[in-house]
There are 2 protein chains.
Amino acid sequence: MKIKGFKMSAVEAGIKYKNRLDLGLIYSETPAVTAGVFTTNQVKAAPVLIDVERLKQGRAQAILVNSGCANACTGEAGMDAALETSKMVSDALGIDDAMVQLSSTGVIGMQLNVGAFENSMGKLVANLSEDNFDQVANAIMTTDTVKKTVYKTVKIGGKNINFMGMAKGAGMIMPNMATMLAFILTDARISFPELHKSLIAANNSTFNRITIDGDTSTNDMVLVMANGAAENEWIDEDTVEAQMLFQDTLEEVMKDLALQIVTDGEGATKCITIRVCGAKEEDEAEKVARTVANSNLVKTAFFGEDANWGRIIAAIGRSGVKVYPDRISIAFGNVLLVKNGVSLGIEAEKEATKVLKEKKFSVIIDLKDGTGCQEVYTCDFSVDYVKINADYRS
Amino acid sequence: MKIKGFKMSAVEAGIKYKNRLDLGLIYSETPAVTAGVFTTNQVKAAPVLIDVERLKQGRAQAILVNSGCANACTGEAGMDAALETSKMVSDALGIDDAMVQLSSTGVIGMQLNVGAFENSMGKLVANLSEDNFDQVANAIMTTDTVKKTVYKTVKIGGKNINFMGMAKGAGMIMPNMATMLAFILTDARISFPELHKSLIAANNSTFNRITIDGDTSTNDMVLVMANGAAENEWIDEDTVEAQMLFQDTLEEVMKDLALQIVTDGEGATKCITIRVCGAKEEDEAEKVARTVANSNLVKTAFFGEDANWGRIIAAIGRSGVKVYPDRISIAFGNVLLVKNGVSLGIEAEKEATKVLKEKKFSVIIDLKDGTGCQEVYTCDFSVDYVKINADYRS
């Protein structure tokens with residue numbers, strides 16, 4: 001898929017490693033309405049600090065993104081380096097510096113290799129083309145094993161509205177925007193407040209619901225650029241229906257990317273949905289689901305394909321939410337395993353173990369204390385996760 | 001070491017596995033002043049529920065402890081089974097049923113094999129001897145690789161006061177009393193309020209400061225029995241100095257056991273102290289230290305002997321405590337690695353990496369925002385942790 005007015009490019013800049021795409025550029029020929037959400041970590045990388053400030057204008061024309069270096073915890077030198085790379089882009093494209101968004105991912109604490117940006121800028125800009133979306137998706141990978149993209153079209157007000165999304169992220173992933181980048185381009189014509197509102201809502205039910213290791217990064221962001229090339233009637237505060245349809249589609253795009261991230265979680269062999277029902281409140285359901293989804297003991301049991309529900313109920317019990325242990329039911333897929341806090345026996349466990357052998361399954365927990373229901377997406381925790389993270393910098 | 005008046009015994013009861021000690025009994029010939037602290041998990045095993053109730057009287061004469069089955073999430077049947085085993089002990093010893101404390105560790109959700117208790121009770125009671133402390137320490141092991149004991153003597157008011165402590169625990173360990181058992185015997189003559197106060201204080205700075213995997217169990221407890229055989233002057237509310245000395249010694253005993261647990265953490269190869277200084281408040285220092293100590297990414301980097309301080313600073317930034325990233329300093333042992341949020345360079349990292357190769361080291365974090373300082377003890381996170389926990393039930 002292409003979207004008129006958006007051009008992309010990626011090059012092997014050699015920022016950290018040779019012979020791999022590590023620098024990408026996304027360019028909108030016209031100023032695009034742009035909204036972003038950023039890491040909740042107090043330690044924010046230089047590009048995040050710059051982007052947040054610039055996005056107050058709700059417009060951008062370029063995203064410069066690199067892997068191999070996070071440019072986080074790099075002090076003034078890191079901030080200067082980021083601004084320098086921004087200037088290179090704005091000069092080369094002939095656009096205002098404030099229209100450039102910056103994004104970095106990689107090792108924290110290393111200074112940015114500005115020379116590599118300088119040497120590659122000419123080629124990066126020269127190669128811009130509507131066809132290079134996948135190349136950029138490749139350039140932002142770090143410990144990812146596959147590139148993550150999604151394409152979608154929806155009809156709003158009689159016009160086809162197109163979406164192209166890419167994401168990276170495989171570790172340091174935790175609810176609340178962590179160690180992941182996602183860029184979504186659309187030709188929708190939409191006002192900034194509506195775009196921003198749609199992004200926040202879609203983010204809460206997608207990227208903020210995935211967890212790989214409970215860690216939170218310094219660099220994460222989701223940016224959505226809408227260039228209006230679809231020439232649909234403006235989506236704004238008066239077009240509630242169109243806004244809802246746009247938001248739902250954006251949510252689908254982001255959920256698709258979010259699940260791609262979990263499935264490619266560092267060392268992951270399974271993608272698991274933890275659904276908690278019957279909580280007193282929705283946020284309590286979410287809290288319980290997150291505690292289970294983040295438990296190392298639960299995740300290693302998934303890896304071992306062991307229907308060890310005792311670890312799940314122990315995680316529920318320490319979640320901080322008031323629960324009644326003798327009401328809790330737990331099912332793996334369609335197999336009810338625990339009823340009112342007690343095992344349904346060996347046969348049920350055998351059936352549940354079959355569910356665990358699948359690549360993708362759900363754990364459904366019923367607290368029987370109300371109507372609050374929420375889902376969180378996680379992966380299993382494997383020997384390879386440790387290997388990857390013990391070796392990551394070497 | 002022996003303590004007059006305490007007798008111990010352990011047998012191979014075959015509760016889950018054959019040919020290993022799995023059932024232990026500790027017996028005080030006279031009613032001992034006894035205090036306990038228990039898991040904070042809302043899902044509490046049957047023995048925990050019984051013990052808490054019985055300990056209101058501040059006295060006990062026996063501790064019956066088994067490995068191989070946690071007797072947690074076993075409903076009414078589990079509660080009945082626990083009471084049955086208690087009755088076997090009280091009948092055999094000719095003591096009041098309420099003087100028996102019960103303790104179980106092992107798989108959650110499995111019903112207790114009461115027959116195994118029944119068949120072994122005669123031998124268990126017949127073998128009681130002042131010499132069998134180590135045998136019981138062996139019987140309470142699950143994924144522990146070594147038994148954990150400590151012996152200490154202190155002079156209080158001219159009398160020798162003896163302490164013998166044992167503990168088990170290797171996974172599901174997290175601040176706040178988790179997946180561990182510890183039993184401490186002393187011949188001190190001390191009132192219940194003073195014993196209880198000493199235990200709570202000592203626990204907060206020892207067992208509540210260790211973390212292996214951030215999970216919390218359903219069965220954990222520390223019990224201290226003081227039988228008064230030392231015939232020291234009663235330690236009570238009027239003997240502040242003696243109480244402080246008693247508490248300090250108890251704390252030493254418990255810290256020794258706590259560090260033994262961390263060192264034997266599932267798959268652990270290193271024991272690490274995370275010390276956070278310069279926090280606004282003590283509890284904020286503790287919160288930051290716990291977040292770092294529980295981060296999978298930090299712990300896998302320790303395993304990989306990688307001075308990846310970026311993961312430490314990222315954990316600090318998501319701890320929920322307000323910090324100033326550009327003030328943070330991080331040292332590994334005596335090697336300052338990060339000053340005011342920025343790396344001190346490759347040479348410092350090389351030196352820090354040497355520290356990481358040691359079996360035991362400290363990470364010192366200075367937030368430069370106050371005088372709050374706290375320590376937490378953790379271990380690294382290895383490939384073997386995952387292997388152990390993926391296979392634990394098989």
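**Before the close-ups.** Two strands count as paired if DSSP finds at least two bridges between them. The strands (E, at least two residues) and helices (H or I, at least four) are DSSP runs, numbered from the N terminus. Residues are numbered from 1 along each chain as its sequence is written, while chains are lettered from A and ligands numbered from 1 in the order in which they are written. This is a predicted model, in which local features need pLDDT of at least 70 and side-chain atom pairs count only at pLDDT 80 or more, whereas totals for chains, interfaces and linings use all residues.

**Figure 1. Strand β11 of chain B with its two partners.** On one hand, β11(B) (residues 329-332) pairs with β12(B) (residues 335-339) in the antiparallel sense, over three bridges. On the other, four bridges join β11(B) to β14(B) (residues 360-366), and these two strands also run antiparallel.

**Figure 2. The open sheet of chain A.** Here seven strands of chain A form an open sheet with mixed pairing, in the order β8-β15-β10-β14-β11-β12-β13. The edge strands, each pairing on one side only, are β8(A) (210-211) and β13(A) (342-343). For a parallel pair, look at β10(A) (residues 271-279) and β14(A), which share seven bridges. C271(A) has K360(A) of β14(A) as its bridge partner. As background, strands of a sheet pair through backbone hydrogen bonds, either parallel or antiparallel.

Figure 3. The 19 residues of α2(A) (residues 75-93) should span 27 Å at 1.5 Å a residue, and the end C-alpha atoms are 28 Å apart, which agrees; the expected span is 1.5 Å times one less than the number of residues. For burial, the count is of other C-beta atoms, placed from the backbone, within 10 Å of a residue's own: 20 or more makes the residue buried, 12 or fewer exposed, and anything in between partly exposed. The buried residues of α2(A) are G78(A), A81(A), A82(A), T85(A), S86(A), M88(A) and V89(A). Viewed down the helix axis, they fall within an arc of 150 degrees, so they line one face of α2(A); the arc is that of the directions from the axis to the C-beta atoms. E76(A), K87(A) and D91(A) are exposed on the face turned away from the buried side. The cover over the buried residues includes β2 (23-38), α1 (46-54), β3 (59-66), β4 (100-104) and α3 (114-126) of chain A.

**Figure 4. N132(A), a buried loop residue.** N132(A) lies in the loop between α3 and α4 (133-139) of chain A. With 21 other C-beta atoms within 10 Å, N132(A) is buried. Two residues are in contact if their C-beta atoms, placed from the backbone, lie within 7 Å. Leaving out residues up to four places away in sequence, N132(A) touches M8(A), S9(A), A10(A) and N127(A). The C-alpha atom of F6(A), 126 residues away along the chain, is separated from that of N132(A) by 9.8 Å.

**Figure 5. K368 in both chains.** Most residues other than glycine have a negative phi. K368(A), although not a glycine, has a positive phi of about 50 degrees, and K368(B) likewise has a positive phi near 50 degrees. K368(A) belongs to the loop between β14 (360-366) and β15 (372-379) of chain A. In chain B, K368(B) is in the loop between β14 and β15 (372-379). K368(A) is partly exposed, with 14 other C-beta atoms within 10 Å, and K368(B) counts as partly exposed with 14 such neighbours.

**Figure 6. Where chain B touches chain A.** The contact takes 50 residues from chain B and 51 residues from chain A. On the chain B side, the elements giving two or more residues are α8 (296-303), α9 (309-317), β13 (342-343) and α11 (383-391). Of these, α9(B) gives the most, with seven residues. By class, this side of chain B has 21 nonpolar, 21 polar and eight charged residues; Ala, Val, Leu, Ile, Met, Phe, Trp, Tyr, Cys and Pro count as nonpolar, Asp, Glu, Lys and Arg as charged, and the others, Gly among them, as polar. The model scores ipTM 0.72 and pTM 0.78.
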